[in-house]
Amino acid sequence: MLQLQRDVSLREFNTFGLPATARYFVTIDSEAALVAALAMPELAGLPRLVLGGGSNVVLTREFDGVVLKMAIRARERLADDADASYVRGGAGEVWHDFVGWTLAQGCPGLENLALIPGTLGAAPIQNIGAYGLELAERFASLRALDTATGAFVTLEREACAFGYRDSLFKREPGRYIIVSVTLRLPRPWQAVTGYADVSRTFADAGVEAPSAVQIFEAVADIRRRKLPDPLELGNAGSFFKNPVVDAQTFASLRERFAQIVGYAQPDGTWKVAAGWLIDQCGWRGKSLDNAAAAAVHERQALVLVNRGGASGADIVALAKAVQASVHARFGITLEPEPLML
């Protein structure tokens, strides 16, 4: 039976561990539950916040609306053809666990995205990516409730308008509530090991042709070494997108800063390493003052952390200070990845 809860603390539902309370809170474990929740008269006209793992949100205030906590769990190997295997999962599936399940099913292709926090349903919104792979490269379709029409729809890859950490769902926030995702895993499988940390790991180990499971384990190990565990230190992973600049701008930056880290893109632009920019501004391990609970992580400047007791406003203030420093020195505006509520 659908349970509508009132005045629910959201601290345990966001990986920053930020304090906030939702006026209403409903756990959604099926499509029917979602339809029933949206039909509740108490919720008519109220703002909605859909939460998966809470790993991409900064709560800066109390939420005077309804939180829909996605808990739809399902895993299914749909079909195989000459070119790919197709798998589908519920929006509430924990992403890392789902990736592990696909490998156990003999369906490799997602291993480079190991240990990314969050849920399967949230993955297309952000078009998650890491270590040489983006979700869009493995995406087939998704099923979602279109709140504008009240009907469930299937959206193919092109309709989702994926970009770098971008999608239709970020451009039309709140319209679509994702309930399941179908992924296309190419056959025959080809290892993606071009990313420096990954290739170095296998070169050091003397492994010339790593398996998908070895890549999965290596990526998870790299992430554990570089990024703090949200269960131990509140954070939302990489806080800023890597900015993309045109070739002329990058050439100008490289003349002034010979060690700048950038990656050439197929369209001629350059993706600049945001962590390097922040590091050069002296923020690693620093906060706005020595006693502040909101800080830049000491091992990875791209990660903002809650040392304990930080508010959403503290995180936002720190983020703005970092942005101001980077813009003043490099003329580049950093864009946050998380949703600021």
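## Aromatic pairs

Phe16 and Phe239 are both buried, that is, under 20% relative accessible area with a 1.4 Å probe and protein chains only, where exposed is over 50% and partly exposed lies in between. The model is predicted: local features need pLDDT of at least 70 and side-chain atom pairs pLDDT 80 or more, while totals for chains, interfaces and linings use all residues. Residues are numbered from 1 along each chain as its sequence is written, and side-chain values use heavy atoms, without hydrogens and water.

Trp276 and Phe330 form a tilted aromatic pair, 5.8 Å centre to centre with 55 degrees between the planes; rings of Phe, Tyr and Trp (its six-membered ring) pair if their centres lie within 6.5 Å, and planes under 30 degrees apart count as stacked, over 60 as edge-to-face and the rest as tilted. Trp276 counts as buried because its relative accessibility is 15%, and Phe330 because its value is 5%. Phe16, Phe239 and Phe240 form one aromatic cluster.

## Nonpolar core

The largest nonpolar core has 41 residues, and those with the most contacts inside it are Trp95, Phe139, Leu142, Phe169 and Leu183. Such a core is a set of buried Ala, Val, Leu, Ile, Met, Phe, Trp, Tyr and Cys residues joined through side-chain atoms within 4.5 Å. The contribution of α6, seven residues, is the largest share of this core; helices (H or I, at least four residues) and strands (E, at least two) are DSSP runs numbered from the N terminus.

Not counting residues up to four places away in sequence, Trp95 touches residues including Leu110, Ile116, Ile128 and Leu183, contact meaning heavy atoms within 4.5 Å.
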